[in-house]
Amino acid sequence: MPTTEERPVLVVTEAEDVTADMVITELNRRDVPVVRFNPADIGGELTVSARFGTCPAPVVGQARTPSRIADLARVRAVYWRRPVWPTFHNSGLGDDDARFAAAQVRYGLAGTLYALDGPLWVNHPVNDAAADYKPAQLATAQRLGLTVPPTIVTNDPDEARQFITAHDQVIFKTLRWTLYERDGVQLTGWAEPVRADELDDSVRVTPHLFQARIDKAADVRVLMVGRRTFAVRIDCDLLDWRRDYSALSYTVVDLPAPLNKALHGVLDHFGLASGSFDLAVDRAGDYWWLELNPNGQWGWLEQETGLEMSAAFADLLTRGETA
Amino acid sequence: MSITEAQLTTTVRPWGAGRLAPYPTATRLPYTSVSIDGPTQLGVFRDRSGLVVEMGKHGTSKGTETNTTTNQDSKNDQGHDQDSAQD
């Protein structure tokens, strides 16, 4: 029998999420009730039921899983990790019915959660999405006093070539990651220098982002959880440290106070309780903004450094407020 | 490449797509199914024969990406909870 949890933390994620498991383990240690579900489980293992206009509380209801029941009016926090939305593509439904069903889940389930008054969102998906636009990040970062590498977003091949020629080295970055397979092999974007003569007219098809390469001494990955900051310097000889995790060495560092303040300002601007920042530090010791991943990975960093990141998430979700 | 207006909106792949490259390593994770344990709300990973697999460090995804076909969690920083048709 499912049990009704008092002031639960909702953990919204897929089942294969060991990073969420790390946070849930810490919540269990604190005796904080957790109700975990994945939107894709709707219909089978997930039931949502909410009423509006029926009593003084503007929204009352429940989310139910095989093991737990969450009283929606009493939700303390929502940990929005890696939810998977049902597409109904393999359900035997036709395209129109599948599209209809998928939209009803999103607007019914997420919409009900958006209606809740009380919970702290880590993070609110609407804010995550708004923060995921690199051009908006760059301008926001500079407004808040961070140093931003010269960058151009354009679908004009001539302007792109001029930009590349005008800078010592330039890299191409995708504006957004998408699942991309070629011949059964998954591909992704990697930071690599690009020459002006490599460009052609197909730059015109979509905007592209080109950025001056920073002569960096190291990368710095910063995880912010509420008001807490975890900064890790990543040393390696790679332009893109994701290429070889075995080649990286990690050092916990303290950020200069003005930088720490500016990064918190970026989170506040986007309404985020947490975020992962990629920065570069140059040979003069100055920090450069690279990007913000509102829902970035950090589990491996906790294991590499021993920093108590999952405990910080659990503390934040337990408090149910960022302050 | 020189392209016409009509091609622009139909068949030409954006330049940037040609810059994408494979992930450096493919890791196959040692489980075939995951369920949620009711009392703890933790994922329980099982192999083909139904035995519980201790995920430990194997499961945690890296900063941005590793290439696995079996582990959703190993996808990158972006790409989750996004629906281009609706965002």
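This section describes the fold, the sheets, the cores and the confidence of a predicted model.

The predictor assigns the complex an ipTM of 0.88 and a pTM of 0.90. Chain A contains 8 helices and 18 strands. Its radius of gyration is 22 Å, close to the 20 Å that the globule rule gives for 323 residues, so chain A is as compact as a globular protein of that length. Along the principal axes, the C-alpha atoms of chain A fill a box of roughly 65 × 50 × 35 Å. Of the 323 residues, 40% count as buried. Contacts across the sequence are also part of the picture. Among contacts in chain A with a separation of 6 or more, 67% come from residues 24 or more positions apart.

One open sheet in chain A is built from 4 strands. Their order is S1-S6-S5-S4, and the pairing is mixed. Strands S1 (3-5) and S4 (47-52) each have a single partner strand, so one side of each is left without a neighbour in the sheet. On average, neighbouring strands of this sheet are turned by 20° against each other, direction ignored. S1(A) pairs with strand S6 (residues 68-71) of chain A in the parallel sense, over 3 bridges. Within this pair, A:Thr4 stands opposite A:Ile69. Strands of a sheet pair through backbone hydrogen bonds, either parallel or antiparallel.

Another open sheet in chain A has 3 strands, in the order S9-S13-S10, and its pairing is antiparallel. Strand S9 (151-154) and strand S10 (170-173) are the edge strands, and each pairs on one side only. Neighbouring strands here are turned by 25° against each other on average, direction ignored. S10(A) and S13(A) are joined over 4 bridges in the antiparallel sense. A:Phe172 faces A:Phe210 of S13(A) across this pairing, standing opposite that residue. Helix H5 (residues 157-166) of chain A packs on the sheet and touches S9, S10 and S13. The direction of H5 makes about 165° with that of S9(A).

Strands S17 (residues 274-282) and S18 (residues 287-293) of chain A also pair in the antiparallel sense. This pairing runs over 6 bridges. A:Phe277 stands opposite A:Leu292 in S18(A). The two strands form a hairpin with 4 residues between them. In the turn, A:Gly285 has a positive phi of about 90°. S18(A) is mostly covered, with 6 of its 7 residues buried.

Burial is also found in helix H8 (residues 309-319) of chain A. The buried residues include A:Met309, A:Phe313, A:Leu316 and A:Leu317. Just after H8(A), A:Gly320 takes a positive phi of about 75°.

The largest nonpolar core has 77 residues. A:Val78, A:Tyr79 and A:Val122 have the most contacts inside this core. Beyond four places in sequence, the contacts of A:Tyr79 include A:Val9, A:Val11, A:Val23, A:Val122 and A:Leu317. A second, separate core has 10 residues. Among them are A:Phe172, A:Val203, A:Leu209 and B:Trp15. In soluble globular proteins, nonpolar side chains tend to be buried together.

The loop between strand S12 (185-188) and strand S13 (208-212) of chain A holds A:Glu192. A:Asp200 is found in the loop between S12 and S13 of chain A as well. Leaving aside neighbours within four places in sequence, A:Glu192 is in contact with A:Ile171 and A:Leu239. A:Glu192 and A:Ile171 are 21 residues apart in sequence and 5.3 Å apart in space, C-alpha to C-alpha. A:Asp200 and A:Leu144 are 56 residues apart in sequence and 35 Å apart in space, C-alpha to C-alpha.

Strand S2 (residues 33-36) of chain B has the highest confidence, at 94. Helix H2 (residues 56-59) of chain B has the lowest, at a mean of 54. Over residues 62-75 of chain B, the pLDDT is below 50. That stretch has 49 contacts in the model beyond near neighbours in sequence. Over residues 81-87 of chain B, pLDDT stays under 50, and the model has 6 contacts for them beyond four places in sequence.

How values were computed. Residues are numbered from 1 along each chain as its sequence is written. Chains are lettered from A and ligands numbered from 1 in the order in which they are written. This is a predicted model: local features need pLDDT of at least 70, side-chain atom pairs count only at pLDDT 80 or more; totals for chains, interfaces and linings use all residues. Two strands pair if DSSP finds at least two bridges between them. Axes are lines fitted to C-alpha atoms, for helices over the stretch in contact, and angles run from 0 to 180 degrees between N-to-C directions. Two residues are in contact if their C-beta atoms, placed from the backbone, lie within 7 Å. A nonpolar core is a set of buried Ala, Val, Leu, Ile, Met, Phe, Trp, Tyr and Cys residues joined through C-beta atoms within 7 Å. A residue is buried if 20 or more other C-beta atoms lie within 10 Å of its own, exposed if 12 or fewer, and partly exposed in between; C-beta atoms are placed from the backbone. The radius of gyration is taken over C-alpha atoms; the globule rule is 2.2 Å times the number of residues to the power 0.38. pLDDT is the predictor's confidence in each residue, from 0 to 100.
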